[in-house]
Amino acid sequence: MNQNEFVHLVAPFKDKVFRLAKRLLVSTEEAEDATQEVLVKLWNKNDSLGSYNSVEAFAMTITKNYCLDQLKSKRAGNLKIVHNNFTDRTPGLHQQLEDTDSLNWVEKIINTLPEQQRLIIQMRDIEQYEFAEMAKILEMNETAIRVALSRARKTIREFMIKTHSYGIG
């Protein structure tokens, strides 16, 4: 596989690799480094990439493992998982402010979820992965993914209902 073919192969999912790395590593610079490392690993395996059913799923698995390794190596530091993809800092109309506030609350709630549920929410609700792809990447049973997703969504929903009904009757 030559360089152009490789670029054509990874172009559709390289942004997803970055977003997953950003979700896990917080820092944009670290996420960029992780994305670069994943692409280098894929390039080094370019002769055997054709044997994979989904190169994208393989890349996401590499990304997940690389980022988790980075988090483990920096566990002693103040590193925590944060999600900033949806914060809108520009002031706008009343509805935009309410939406932004709700998204901030959802972000805070997601940050309190267990690591596995955070990954599942990111992959299913933000990246729009299918359950079969998620099962391969996370090396989990599809049923376990559905249960964890349901629990994460329930936690978010209950907290949002409690937050929005605060002070009412």
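This is a predicted model: local features need pLDDT of at least 70, side-chain atom pairs count only at pLDDT 80 or more; totals for chains, interfaces and linings use all residues.
Residues are numbered from 1 along each chain as its sequence is written, and side-chain values use heavy atoms, with hydrogens and water left out.

**Whole chain**
- Along the sequence the pattern reads α-α-α-α-α-α-α-α.
- Of the 169 residues, 36% count as buried. Buried means under 20% relative accessible area, exposed over 50%, and partly exposed in between, with a 1.4 Å probe and protein chains only.
- Take contacts between residues at least 6 apart in sequence: 67% of them join residues at least 24 apart. Contact means heavy atoms within 4.5 Å.

**Helix H2**
- H2 covers residues 14-25, which makes 12 residues.
- The expected span is 1.5 Å times one less than the number of residues.
- Buried in H2 are Val17, Leu20, Ala21, Lys22, Arg23, Leu24 and Leu25.
- The cover over these buried residues includes H3 (28-44), H4 (55-73), H5 (94-112) and H6 (115-126).
- Val26 follows H2 and has a positive phi, near 70 degrees.

**H2 against H6**
- The two axes come within 11 Å and cross at roughly 150 degrees. Axes are lines fitted to C-alpha atoms, for helices over the stretch in contact, and angles run from 0 to 180 degrees between N-to-C directions.
- H2 and H6 are therefore roughly antiparallel, a label for angles over 145 degrees; under 35 is roughly parallel, 65 to 115 roughly perpendicular, and the rest oblique.
- H2 contributes Arg19, Leu20, Arg23 and Leu24 to the contact, and H6 contributes Leu119, Gln122 and Ile126.
- These residues divide into four nonpolar, one polar and two charged. Ala, Val, Leu, Ile, Met, Phe, Trp, Tyr, Cys and Pro count as nonpolar, Asp, Glu, Lys and Arg as charged, and the others, Gly among them, as polar.

**Ile121 in H6**
- Ile121 is found in H6. Its relative accessibility is 3%, so Ile121 counts as buried.
- Leaving aside neighbours within four places in sequence, Ile121 is in contact with Ile110, Leu113, Ile126, Leu149, Ala152, Arg153 and Ile156.
- Ile121 and Arg153 are 32 residues apart in sequence and 8.0 Å apart in space, C-alpha to C-alpha.

Definitions and conventions:
Helices (H or I, at least four residues) and strands (E, at least two) are DSSP runs, numbered from the N terminus.
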